[in-house]
Amino acid sequence: MNQLKNRVQLIGNLGKDPEVRRLQDNKIVAQFPLATSETYKNSKGEKVEETQWHQVVIWGRLAEIVEKYLQKGNQVAIEGRLTHRSYDDKDGIKRYVTEVIATDLLMLGKKNDEPVAEKEVAENDLPF
């Protein structure tokens, strides 16, 4: 029997600058919204673009890389798992959240109109 896995792969653009926090136990976490888009033609032959938003959470060394290199608009490929949680907001209303806990990150495109130096990132910053 095949074992099912909770695995998500997305390619998209950051919707805003990452929010990075350092927690009391010296852990670091980064969060950002990621926009993914799909284009298709509807029944009338018109081009339609649909955008989906995903909340991405990244921990540890990858969060440090996010803080150092990423900003709103950057294109990235991520891989991770979906998680669902709930919390009570300030008014006591239960809210439900679906997040992507990213375990892998690939920076795509350009940084400040210059190609991202893979060597610079790979040799000094990646956790593997």
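**Close-up views of a predicted model**

**View 1. Leu34 and its surroundings.** Setting aside neighbours within four places in sequence, Leu34 is in contact (heavy atoms within 4.5 Å) with Leu10, Gly12, Asn13, Leu14, Gln52, Trp53, His54, Val56, Val76 and Ile78. A word on conventions: this is a predicted model, where local features need pLDDT of at least 70 and side-chain atom pairs count only at pLDDT 80 or more, while totals for chains, interfaces and linings use all residues. Residues are numbered from 1 along each chain as its sequence is written, and side-chain values use heavy atoms, with hydrogens and water left out.

**View 2. The largest nonpolar core.** Here a nonpolar core is a set of buried Ala, Val, Leu, Ile, Met, Phe, Trp, Tyr and Cys residues joined through side-chain atoms within 4.5 Å; buried means under 20% relative accessible area, exposed over 50%, and partly exposed in between, with a 1.4 Å probe and protein chains only. The largest such core holds 21 residues, and Leu34, Val56, Ile58 and Ile78 have the most contacts inside it. At least two residues come from each of S1, S3, strand S4 (47-59), H1, S5 and S6. The biggest contribution to this core is that of H1, with 5 residues. As general background, nonpolar side chains in soluble globular proteins tend to be buried together.

**View 3. One side of helix H1.** Helices (H or I, at least four residues) and strands (E, at least two) are DSSP runs, numbered from the N terminus. Which residues are buried in helix H1 (residues 60-69)? They are Leu62, Ala63, Ile65, Val66 and Tyr69. These five lie on the same side of H1, because they cover an arc of only 155 degrees around the axis, taken from the directions from the helix axis to the C-beta atoms. An α-helix has 3.6 residues a turn, so residues three or four places apart point the same way.

**View 4. Ala102 in strand S6.** Ala102 sits in strand S6 (residues 94-108). Is Ala102 buried or exposed? Its relative accessible area is 6%, so Ala102 is buried. Not counting residues up to four places away in sequence, Ala102 touches Val56, Val57, Ile58, Ile78, Glu79 and Gly80. Between the C-alpha atoms of Ala102 and Gln31, which are 71 residues apart along the chain, the separation is 9.9 Å.

**View 5. Strand S1 and its two partners.** Two strands pair if DSSP finds at least two bridges between them. Strand S1 (residues 8-14) runs antiparallel to strand S5 (residues 75-88), and 6 bridges join them; Val8 stands opposite Gly80 in S5. S1 also pairs with S3 in the antiparallel sense, over 2 bridges, where the bridge partner of Asn13 in S3 is Ala35.

**View 6. The hairpin of S2 and S3.** Strand S2 (residues 19-22) pairs with strand S3 (residues 28-41) in the antiparallel sense over 4 bridges. Arg21 has Val29 in S3 as its bridge partner. The hairpin has 5 residues between the strands, and Asn26 takes a positive phi near 70 degrees there.

**View 7. Confidence along the chain.** pLDDT is the predictor's confidence in each residue, from 0 to 100. The protein averages a pLDDT of 87, with 83% of the residues scoring at least 70. Over residues 115-128 pLDDT stays under 50, and the model has 19 contacts beyond four places in sequence for this stretch.
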